[in-house]
Amino acid sequence: MGKITFYENRNFQGRSYECSVDCPDLYSYFNRCNSIRVHNGPWMLYERPNYMGNQYFLRKGEYPDYHDWMGYSDAIRSCRRIPEHSGSFKIKIYESGDLGGYMREFTEDCPQLRDCFRFHNIQSCNVQDGHWIFYEEPHYRGRQYYLSPGEHRRYTDWGARNPIVGSFRRVDFV
């Protein structure tokens, strides 16, 4: 079971809200979010309600300022606990939409996509095992996108505005 606490001010000050389930709209609990404690479980945070907008992946730990989770602002409006997964990881990425074109299968993290795949645009993917995070920039930087198991036929399916992916990694529970 996951647990996360949101604080309105930096350094875990001000009004707080503790959460242990997915929440599509956090606005009624706090106006802004400047610090977070993740007690357990990995979480995906979203800047807009209903799991929309910029996404932020957080593991267990303390984040005294929104810059510590690479936040663009102090707006967190929804959150989702990433389900625990124990076992193998496998993702297939495609250069074209609808799972078409050149394809490559991965079971490990990829810190720089251009070194692992001949394209830097990923138009679609199929997450066959585990949960994954795409990053717009190499070395796990920039905008983040959570990928749950299943087919993602277009980059907009995972919330991206463009198909550029610089790196990706598995969501592990270590």
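This is a predicted model: local features need pLDDT of at least 70, side-chain atom pairs count only at pLDDT 80 or more; totals for chains, interfaces and linings use all residues.

Student: How far apart are the ring centres of tyrosine 17 and tyrosine 29?

Tutor: The structure holds 12 aromatic pairs. In the pair made by tyrosine 17 and tyrosine 29 the ring planes stand at 15°, so the pair is stacked, and the ring centres are 3.8 Å apart.

Student: Where in the chain do tyrosine 17 and tyrosine 29 lie, and how many residues apart are they?

Tutor: Tyrosine 17 belongs to strand E2, which covers residues 13-19, whereas tyrosine 29 sits in the loop between E2 and E3. The pair thus links distant parts of the chain, and the two residues are 12 residues apart.

Student: Is the pair of tyrosine 102 and phenylalanine 117 stacked or tilted?

Tutor: Planes under 30 degrees apart count as stacked and those over 60 as edge-to-face, with the rest counted as tilted. The rings of tyrosine 102 and phenylalanine 117 have centres 5.5 Å apart and planes at 40°, so the pair is tilted.

Student: Which parts of the chain does that pair of tyrosine 102 and phenylalanine 117 tie together?

Tutor: Tyrosine 102 is in strand E9, and phenylalanine 117 is in the loop between helix H1 (113-116) and E10, so the pair ties together parts that are 15 residues apart in sequence.

Student: Which residue in E13 stands opposite valine 127?

Tutor: Strand E10, residues 124-129, runs antiparallel to E13 and is joined to E13 by three bridges. Within E13, the residue opposite valine 127 is glycine 150.

Student: Is serine 124 buried or exposed, and which backbone atoms does its side chain reach?

Tutor: Serine 124 is found in strand E10, and its relative accessibility of 0% means that serine 124 counts as buried. Its contacts beyond four places in sequence include His152, Arg153 and Trp158. The side chain of serine 124 reaches the backbone oxygen of serine 96 at 2.6 Å and the backbone nitrogen of leucine 99 at 3.0 Å.

Student: What lies 2.9 Å from a polar atom of the side chain of serine 35?

Tutor: Serine 35 is placed in strand E3, residues 35-40, and counts as buried because its relative accessibility is 0%. Leaving out residues up to four places away in sequence, serine 35 touches several residues, among them Asn11, Phe12 and Trp69. The atom at 2.9 Å from its side chain is the backbone nitrogen of phenylalanine 12.

Student: Which residue is the bridge partner of tyrosine 7 in E3, and which residue in E6 stands opposite isoleucine 36?

Tutor: E1 and E3 pair in the antiparallel sense over five bridges, and E3 is also joined by three bridges to strand E6 (residues 61-63), again antiparallel. The partner of tyrosine 7 is serine 35, and the residue opposite isoleucine 36 is tyrosine 63.

Student: What is the phi of asparagine 11, and what is that of asparagine 50?

Tutor: Most residues other than glycine have a negative phi. Asparagine 11 lies in the loop between strand E1 (3-9) and E2, while asparagine 50 lies in the loop between strand E4 (43-48) and strand E5 (52-58) and counts as exposed at 52% relative accessibility. Both values are positive: about 55° for asparagine 11 and near 60° for asparagine 50.

Student: How far apart are the end C-alpha atoms of residues 2-40?

Tutor: An unreviewed UniProt entry places the feature "domain: Beta/gamma crystallin 'Greek key'" at residues 2-40, 41-83 and 130-172. Residues 41-83 are 0% helix and 47% strand, with end C-alpha atoms 8 Å apart. Residues 2-40 are 0% helix and 51% strand, and their end C-alpha atoms lie apart by 5 Å.

Terms used:
Residues are numbered from 1 along each chain as its sequence is written. Side-chain values use heavy atoms; hydrogens and water are left out. Helices (H or I, at least four residues) and strands (E, at least two) are DSSP runs, numbered from the N terminus. Buried means under 20% relative accessible area, exposed over 50%, partly exposed in between (1.4 Å probe, protein chains only). A polar contact is a pair of N or O atoms within 3.5 Å; within protein, one must be able to donate a hydrogen and the other to accept it, and residues adjacent in sequence count only if both atoms are side-chain atoms. Contact means heavy atoms within 4.5 Å. UniProt positions are given in the numbering used here, feature names are shortened, and annotations may be inferred rather than shown by experiment. Two strands pair if DSSP finds at least two bridges between them. Rings of Phe, Tyr and Trp (its six-membered ring) pair if their centres lie within 6.5 Å; planes under 30 degrees apart count as stacked, over 60 as edge-to-face and the rest as tilted.
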